[in-house]
Amino acid sequence: MTLTSSGQISISDINGEFGRSGTTANSSLEDLSDGSVATINTGNASANRPDTNAPHAMTEFYSYDHDLASTTWSNVPADFNLHTLDGSDFSVDSVVSGAKTITLTGGSGTTSVSCQQPSNGNIELKFAYSTSGDPGVNGTGNSGSGYGNTVSGISYTSGTLYLRFKLAEVKADSGNLNAENRTITFTNNSVSNTDLQINCRLSGL
């Protein structure tokens, strides 16, 4: 059950959300709000739960779901390499990863993904995503997003996110990039995962 998102809300409503009734439900708003009665479920977005700090307000419980599953990232892809050659042929060189996936449980709001960029500023690490299937080498399959290095506001709160990663020169013959690990950060509901690292390298012939 989830408490109402607007209008009237009562102490009885809040106690009911905590699974309390009868004589055990004689609690103050302070005790309900600061975790004295039960630990506040931080799986709820910050706007949908009490902040535990006085002064307390009934409206802090709008949309609160005490049984909401905590936000968890799982099935993170194993670290992998993105290595390519700079052919020095006045063309922009790039390499695309195979299909990757990650799983989100108990999310809320929107998701953001960002790629730590290579130290050579003429080379970019990008990703494409889809919520329905592999976005493919071009990044637009299955309503894929196309390639970007940081994307926020992704409408995704649970299930599988499908990914492709791309290492590409910004301009032709950008020079070498020695092998270095770059971190991919996935964030939802203020919960981040930084387990995935991609080893990036661009070398001359």
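Glu-124 counts as partly exposed in this predicted model, at 24% relative accessibility. Its side chain meets that of Lys-126 in a salt bridge, with N and O 3.2 Å apart. Lys-126 is likewise partly exposed, at 24% relative accessibility.

**Salt bridges**

- The count of salt bridges comes to 3.
- Side chains of opposite charge can pair when their charged atoms come close.
- Arg-164 and Asp-134 form one of these bridges, and their closest N and O atoms are 2.7 Å apart.
- Because Arg-164 sits in strand S8 and Asp-134 in the loop between S6 and strand S7 (150-154), this bridge ties together parts that are 30 residues apart in sequence.
- Arg-164 is buried at 12% relative accessibility, whereas Asp-134 is partly exposed at 26%.
- Arg-182 pairs with Glu-180 through their side chains, at 4.0 Å from N to O.
- Arg-182 has a relative accessible area of 14% and is buried; Glu-180 is buried too, with 16%.

**Asn-44, a buried loop residue**

- Look for Asn-44 in the loop between helix H2 (29-33) and strand S1 (72-74).
- Asn-44 has a relative accessible area of 3%, so it counts as buried, the cut-off being under 20%.
- A polar atom of the Asn-44 side chain lies 3.0 Å from the backbone oxygen of Asn-41.
- The Asn-44 side chain also reaches the backbone oxygen of Asp-65, at 2.9 Å.
- Beyond its neighbours within four places in sequence, Asn-44 is in contact with Arg-49, Ser-63, Tyr-64, Asp-65, Leu-68 and Asn-189.

**Nonpolar cores**

- The largest nonpolar core holds 24 residues, and those with the most contacts inside it are Leu-125, Leu-163, Phe-165, Ile-184, Phe-186 and Ile-198.
- Strands that give two or more residues to this core include S2 (80-86), S4 (100-105), S5 (111-115) and S6 (123-130).
- Also among those contributors are strands S8 (159-169), S9 (177-188) and S11 (197-204).
- Another core lies apart from this one; it has 10 residues, among them Ile-14, Phe-18, Leu-29 and Tyr-62.
- Back in the largest core, Ile-184 is one of the residues with the most contacts inside it.
- Leaving out residues up to four places away in sequence, Ile-184 touches Val-113, Ser-114, Cys-115, Leu-125, Phe-165, Asn-193, Thr-194, Leu-196 and Ile-198.

Notes
Residues numbered from 1 in each chain as written. Predicted model: local features only at pLDDT ≥ 70, side-chain atom pairs only at ≥ 80, totals over all residues. Heavy atoms only, no water. Helix = DSSP H or I, 4+ residues; strand = E, 2+ residues; numbered from the N terminus. Buried < 20%, exposed > 50% of the residue type's maximum accessible area, 1.4 Å probe, protein only. Polar contact = N/O pair within 3.5 Å; in protein donor to acceptor, adjacent residues only side chain to side chain. Contact = heavy atoms within 4.5 Å. Core = buried A, V, L, I, M, F, W, Y, C linked by side-chain atoms within 4.5 Å.
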